Amino acid sequence: MKRLVCTLLVLLLSLSGAGSCAAEEMHIAARGAVLIDAASGRVLFGQNENARFPMASTTKIMTALLALENCALDERVTASENASGVPGTSIYLGVGETLTMEEMLYGLLLRSGNDAATAIAEHVAGSVEDFAAMMNARAAQLDADARFKNPHGLDAAGHEASALALARIFRQAMQNGDFRRITGTAKATIPWVGNDFARVLVSKNRLLTAYEGATGGKTGYTSDAGRCLVFSAERDGMELIGVVLSCPDWFDEAERLLDYGFANFRLETPLRAGDAACEAAVRGGMADAVRAVAARDLAAAVREGERWRVDYDFPGGVRAPIERGEAIGTATLYIGNEAVAETPLLAEEDVEKRDLFSALKRLFKRWALPVSA
């Protein structure tokens with residue numbers, strides 16, 4: 001059956017290109033790099049973005065995401081001997097020491113504690129091995145080409161991810177308000193059991209204090225991975241997410257990527273959540289049409305001069321009965337011929353099926369209405 005499609009076509013006028021930088025002219029001093037639009041996930045710049053490399057402690061983004069998706073912030077997490085003994089960066093957890101999940105996450109994302117990562121993994125899944133399996137399953141759900149062997153990112157054969165995979169994982173994590181709050185914190189204090197003073201945690205992501213609009217990120221370093229950084233910033237309502245892997249000048253190159261994105265793209269939002277998109281024809285209903293509204297914002301970063309359009313698609317048509325809020329179609333944002341974002345379309349009102357019962361019910365309601373004097 002033919003699909004019913006309504007198309008809104010918008011031609012964007014080309015503005016002056018002064019001061020802009022074409023993607024093909026830009027090179028980042030990193031083995032892998034990517035810049036995406038947080039609203040849609042559209043790739044704005046890529047350099048070996050699909051090649052997998054060791055990613056060091058940027059691994060901990062997935063660790064935090066799984067912790068937040070499976071646990072409450074006030075759950076008590078106890079460090080095992082295994083967690084306490086993990087080498088590398090640490091928050092110096094003692095064997096048997098207990099913190100809340102939220103406190104562990106601050107230790108994980110700010111101080112980059114490998115001991116915190118292991119304690120979280122064992123709390124969520126029972127073992128590091130089972131947690132790694134959860135990490136790989138979640139990566140597959142996010143279409144993120146990553147292979148996890150552990151929750152902390154210490155060098156291990158086959159533990160690697162592409163820059164684009166890490167950007168997609170971070171984009172998902174940033175949709176969690178608790179993750180966004182923690183990763184955007186420059187300094188925090190958590191308890192230190194058995195000591196007279198607390199742990200003071202300072203984020204290793206210097207962009208939080210040095211770059212205008214920085215919203216979060218995660219650093220990583222090992223001898224195999226080199227310097228790795230996942231980062232984000234927002235200006236004028238547009239948030240960008242970037243990744244650099246094996247990048248000696250990680251913060252400088254991150255700033256170059258963000259500057260490039262903000263200089264060359266702007267956020268286009270054809271539909272906001274709740275906006276009426278169009279009317280859809282209804283088959284077999286007491287009404288011939290129903291208004292379709294956007295379930296969430298439809299937005300993407302657009303370069304000056306790019307053409308975009310929105311297609312409203314109702315596969316197989318819309319058939320009664322319909323309940324208010326029911327998904328009846330999809331709105332898809334295209335830039336050129338590339339589909340970059342979509343949102344479900346919801347029915348704005350109920351539509352009864354056209355049959356004898358509905359007709360009699362409507363007639364009865366009219367007959368029962370009180371007559372005004």
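The lining of the largest pocket divides into ten nonpolar, five polar and six charged residues; here Ala, Val, Leu, Ile, Met, Phe, Trp, Tyr, Cys and Pro count as nonpolar, Asp, Glu, Lys and Arg as charged, and the others, Gly among them, as polar. A pocket is an open set of points on a 1 Å grid over the protein atoms alone, where a 1.4 Å probe fits, with protein on both sides within 12 Å along at least five of seven lines, and its lining residues have an atom within 4 Å of a point. Of the 21 lining residues, Ala39, Ser40, Gly41, Arg171 and Val340 lie nearest the centre. At least two lining residues come from each of α6 (163–173), β17 (298–303) and β21 (338–347). The space inside is about 460 Å³, taken as what is filled by probe spheres set on the points, which are joined across faces, edges and corners.

This is a predicted model, where local features need pLDDT of at least 70 and side-chain atom pairs 80 or more, while totals for chains, interfaces and linings use all residues. Residues are numbered from 1 along each chain as its sequence is written, and side-chain values use heavy atoms, without hydrogens and water.

Now for the second largest pocket, of about 210 Å³. Its lining includes Ala39 and Arg171, along with Asp37, Arg180 and Glu234, and divides into five nonpolar, two polar and five charged residues.

Stepping back, the chain has ten helices and 21 strands, which are DSSP runs (helices H or I, at least four residues; strands E, at least two) numbered from the N terminus. Of its 373 residues, 48% count as buried, meaning under 20% relative accessible area with a 1.4 Å probe, protein chains only.

Key. Buried < 20%, exposed > 50% of the residue type's maximum accessible area, 1.4 Å probe, protein only.
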